[in-house]
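Trainee: I have a new structure open and would like to go through it. Can we start with the sheet?

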Amino acid sequence: MIKVNYIESDGTQREVEVEEGVNLMDAALDNLVPGIDGDCGGVCACATCHVHVDGAWIDKLAPMDATEDAMLELTDERDKSSRLCCQLKASPELDGIIVRTPAGQH
Ligand code: FES
C-alpha cells in the first residue's frame, strides 16, 4: 500500500493507504477526503480534482499530457504545483506523497 497525505486548505491533514495503481482522486473519494469532487469520474474532463503537489514530489510524477494541461487552465489557483489527481496513480515512488486541496474546485 502507498501512503498518500492530503492536506485541506484549512490545514487538516489525512493520511490514507492506497493500493498501487489506484488514482489519487478515487483514493480521496473512497476515503471521504473533502475538497476533491471528481465530477467526471476520472477521465480528465472536469478539473474538479485539482491539487497542489508538494515540491518534493513534483519530479517523481508522470508528466502531464496536453489534455490535463488544458483542463487545468479552467481552474482557479493554478500554479506550477498544480495537477489533476485523477491522472496521478499511486506507485511505490510516490509513497508518502503530500498533496494539498485548493479552497474550492471551480
Ligand atoms: S476527476 Fe475529472 S478531471 Fe479529474
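Mentor: Five strands make up an open sheet of mixed pairing, in the order β2-β1-β5-β3-β4. This is a predicted model, in which local features need pLDDT of at least 70 and side-chain atom pairs count only at pLDDT 80 or more, while totals for chains, interfaces and linings use all residues. Residues are numbered from 1 along each chain as its sequence is written.

Trainee: Which strands stand at the edges?

Mentor: β2 (13–18) and β4 (82–84) do, and each has a single partner strand, so one side of each lacks a neighbour in the sheet. Neighbouring strands of the sheet are turned by 35° against each other on average, direction ignored. The axes for that are lines fitted to C-alpha atoms, for helices over the stretch in contact, and angles run from 0 to 180 degrees between N-to-C directions.

Trainee: What counts as a strand, and when do two of them pair?

Mentor: Strands (E, at least two residues) and helices (H or I, at least four) are DSSP runs, numbered from the N terminus. Two strands pair if DSSP finds at least two bridges between them.

Trainee: How many bridges join β1 to β2?

Mentor: Six, and the two strands run antiparallel. K3 has E17 in β2 as its bridge partner. The hairpin of β1 and β2 has five residues between the strands, and G11 there takes a positive phi near 95°.

Trainee: And how does β1 run against β5, parallel or antiparallel?

Mentor: Parallel: four bridges join β1 (residues 2–7) to β5 (residues 97–100). Y6 stands opposite V99, and I7 stands opposite R100.

Trainee: What joins β3 to β5?

Mentor: Two bridges, with the strands running antiparallel. H52 stands opposite R100 in β5.

Trainee: New topic. Where is L32?

Mentor: L32 is in the loop between α1 (24–30) and β3 (50–53). L32 has a positive phi of about 55° although it is not a glycine.

Trainee: Is L32 buried or exposed?

Mentor: Exposed, because 8 other C-beta atoms lie within 10 Å. Its C-alpha atom is separated by 16 Å from that of Q105, which is 73 residues apart along the chain.

Trainee: What about E77?

Mentor: E77 is also a residue other than glycine with a positive phi, near 70°. E77 lies in the loop between α2 (66–72) and β4. E77 is partly exposed, with 13 other C-beta atoms within 10 Å.

Trainee: Back to the whole protein. In what order do the elements run?

Mentor: From the N terminus on, they run β-β-α-β-α-β-β. That comes to two helices and five strands.

Trainee: What share of the residues is buried?

Mentor: Buried residues make up 28% of the 106.

Methods:
A residue is buried if 20 or more other C-beta atoms lie within 10 Å of its own, exposed if 12 or fewer, and partly exposed in between; C-beta atoms are placed from the backbone.
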